[in-house]
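Me: Could you walk me through how to read a structure like this one? I'm new to it.

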Amino acid sequence: MRPKVLITRKIYERPLQLLKEKAEVTINLKDRPMTPEEIIAALPGKIGMLAMGSDRVSSQILEAGKDLKIVANNAVGFNNIDLDAAIRLKIAATNTPDVLTDTTADLSFALILGVARRLVEADRFVRAGKWVGWKPNLMIGSEVHGKTLGVIGLGRIGSAVAKRGQGFNMRIVYTDIRRLHPAIEQQHQLQFMPLRDLLQTSDFVTLHVPLTPETFHLLGAEQLRLMKKSAFLINASRGPVVDEKALVEALRAGTIAGAGLDVFEAEPQVSPELLAMDNVLLLPHVGSATDETREKMVQTAVNNILAVIRGEIPPNILNPEIYRS
Ligand code: GLV
């Protein structure tokens, strides 16, 4: 009998072919996420669950998966999975690193350019028929080249954004829980700063940390107040890294110049005040949304499930301790 796998959302078909040869696959074909109750009802007998980053894989769900051996997250972030419960229940959890690094960095840089040069606001202006001719002071934005880019979290995506910044002749400052060796910093022209200094120095502050208890509301009212009045905040990491209420207030009060946001605290809800602000660019969590990358993410998740079916440790294991006796 072939092992059974649950896929919580209709996703790219091509990478699923190999999985379908090795496993009996059940896919949620509804154009909406499965409810926790639906997942719990579908899990008995399934050894694998290919979950979306937007599914909350709670301890209750993991406990309901009596036969579950792997939860393969179709995302690099994995704050949606109760990893402690997965460790306790000896269920492998995996993510999709690497394949979306450059794509998400591209999107982050698009947000930088978008807010600085008011791209979406200008587009709305043209579409509204308000453009009556060239004007010396029409849609004046901020320079990007030559400015200081503050990268919070210099991991895979943060480093890729820093590289793009260097391509635009920006000075790169960063903060991270791990500091690079000074020789590496020098070689790559990266300057380490404590968060406080980075916030005071940067013209663009871009977030690339995972969501953990330590990074929850990493930027709140106090931190936003440290930023320059002319600076922009970019967030393509996870919404709760920023206190959205405090951000709304900072934008309203002119504490910072604007923000480019791909993620929000209570997705898909967006603070209504943000919807009315022209200096804010809002995207519906599309950091990795290109054809090539979304296909590679599914392929990565499938590879992890296939490894478990073969009795191997999956390549992108997040909780390797489950394999230690
Ligand atoms: C998207 O947000 C991801 O974590 O892949």
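Me: How do the residues of the shell around the ligand divide by class?

Reply: The idea is to sort by residue type: Ala, Val, Leu, Ile, Met, Phe, Trp, Tyr, Cys and Pro count as nonpolar, Asp, Glu, Lys and Arg as charged, and the others, Gly among them, as polar. Here the shell has four nonpolar, two polar and one charged. Before we go on, this is a predicted model, where local features need pLDDT of at least 70 and side-chain atom pairs count only at pLDDT 80 or more, while totals for chains, interfaces and linings use all residues. Residues are numbered from 1 along each chain as its sequence is written, and side-chain values use heavy atoms, with hydrogens and water left out.

Me: Which residues surround the ligand?

Reply: A residue is near a molecule if one of its heavy atoms lies within 4 Å of it. Around this ligand you'll find Ala75, Val76, Gly77, Leu100, Arg238, His285 and Met297.

Me: Which residues have an N or O atom by an oxygen of the ligand?

Reply: Look for polar contacts, pairs of N or O atoms within 3.5 Å; within protein, one must be able to donate a hydrogen and the other to accept it, and residues adjacent in sequence count only if both atoms are side-chain atoms. Val76 uses a backbone N or O atom, 2.8 Å from a ligand oxygen. Arg238 brings a polar side-chain atom to 2.7 Å, and the side chain of His285 has an N or O atom at 2.6 Å. Taken alone, the ligand exposes 190 Å², and the protein buries 84% of that (accessible areas by the Shrake-Rupley method with a 1.4 Å probe; for residues, only the protein chains shown count as cover).

Me: How is the protein divided into domains?

Reply: Bounds come from an automatic or database domain assignment. Domain 1 is 4-99 + 291-323, and domain 2 is 101-282. Their C-alpha centres lie 32 Å apart.

Me: Which residues form the salt bridge between them?

Reply: A salt bridge is a side-chain nitrogen of Lys or Arg within 4 Å of a carboxyl oxygen of Asp or Glu. Arg156 pairs with Asp98, the closest N and O atoms being 3.9 Å apart.
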